[in-house]
Amino acid sequence: VTAVCGTKNVELVRSLGADEVIDYQREDFRKNGKTYEVVVDAVGLQSLLRCRGSVAPGGQFIATDLGRLMVENPLSALVTRRIGKKRVRFPVGKYTKADVLPLKKLIEAGDYRAVIDRRYPLEDVVEAARYVETGQKVGNVVLRVAP
């Protein structure tokens, strides 16, 4: 696993178990000459077009957040379904028990650690969303539904 993050998060990402950490403030992973079977954009700042040289033939670009690329990634997903060897995917939809059991096993074994930046009561959802939109969060922002 190769992870890409900013300078302030390098040690955190290493502690989460990444084999290699690339500080995007010092190096552009798209220009290091390496290819990856799967490239996951967890923050909505990349696209297959931007990362095509880093996605191995037969590999996948997974966009978990449309972010600023509301048109580019869905368009690429449509095009790559028909042509080329690289695919764009959006992991949305209904998850089954079988989908989440591997995650459960990782948690129980202590091999998965969620990073929680802040917690907000549900009534502060607007404030929580504003914080997320600043782009400064590290990890997840949690809304508490019950007291």
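The model is predicted. Colouring by accessibility instead marks 24% of the 147 residues as buried.

**Asp41**

Select Asp41, in strand β3 (residues 36–41). Asp41 is buried but has no salt bridge. Which side chain of opposite charge is nearest to Asp41? That is Arg50, 7.3 Å away. Now show the backbone of Gln46: its nitrogen is 2.8 Å from a polar atom of the Asp41 side chain.

**Ser54**

Move to Ser54, in the loop between α2 (48–51) and β4 (55–63). Its relative accessible area is 1%, so Ser54 is buried. Leaving aside residues up to four places away in sequence, Ser54 touches Phe29, Arg30, Lys34, Thr35, Tyr36 and Val39.

**Lys34 and Glu20**

Lys34 sits in the loop between β2 (20–23) and β3 while Glu20 is in strand β2, so the bridge ties together parts 14 residues apart in sequence. Both ends are partly exposed: Lys34 has a relative accessibility of 38%, and Glu20 has 28%.

**Helix α4**

Next, select residues 97–108, which form helix α4. At 1.5 Å a residue, its 12 residues should span 16 Å, and the end C-alpha atoms are 16 Å apart, so the two values agree. Within α4, pick Lys104 and Glu108, which are 4 residues apart, about one turn of the helix. Residues three or four places apart in an α-helix point the same way, because there are 3.6 residues a turn. Lys104 and Glu108 form a salt bridge with the closest N and O atoms 2.8 Å apart. Lys104 is partly exposed at 44% relative accessibility, whereas Glu108 is exposed at 56%. Just after α4, check the backbone of Gly110, where phi is positive, about 80°.

**Asp117 and Arg118**

Select Asp117 and Arg118 for another salt bridge, with closest N and O atoms 3.7 Å apart. Asp117 is partly exposed at 26%, as is Arg118 at 38%. The structure holds 6 salt bridges.

**Cysteines**

Finish with Cys5 and Cys51. Cys5 is buried at 8% relative accessibility, and Cys51 is buried at 1%. How many disulfides does a search of the whole structure find? The count is 0.

Definitions and conventions. Residues are numbered from 1 along each chain as its sequence is written. This is a predicted model: local features need pLDDT of at least 70, side-chain atom pairs count only at pLDDT 80 or more; totals for chains, interfaces and linings use all residues. Side-chain values use heavy atoms; hydrogens and water are left out. Helices (H or I, at least four residues) and strands (E, at least two) are DSSP runs, numbered from the N terminus. Buried means under 20% relative accessible area, exposed over 50%, partly exposed in between (1.4 Å probe, protein chains only). Lys and Arg count as positive and Asp and Glu as negative; His and the chain ends are not counted. A salt bridge is a side-chain nitrogen of Lys or Arg within 4 Å of a carboxyl oxygen of Asp or Glu. A polar contact is a pair of N or O atoms within 3.5 Å; within protein, one must be able to donate a hydrogen and the other to accept it, and residues adjacent in sequence count only if both atoms are side-chain atoms. Contact means heavy atoms within 4.5 Å. A disulfide is a pair of cysteine sulfur atoms within 2.5 Å. The expected span of a helix is 1.5 Å times one less than its number of residues.
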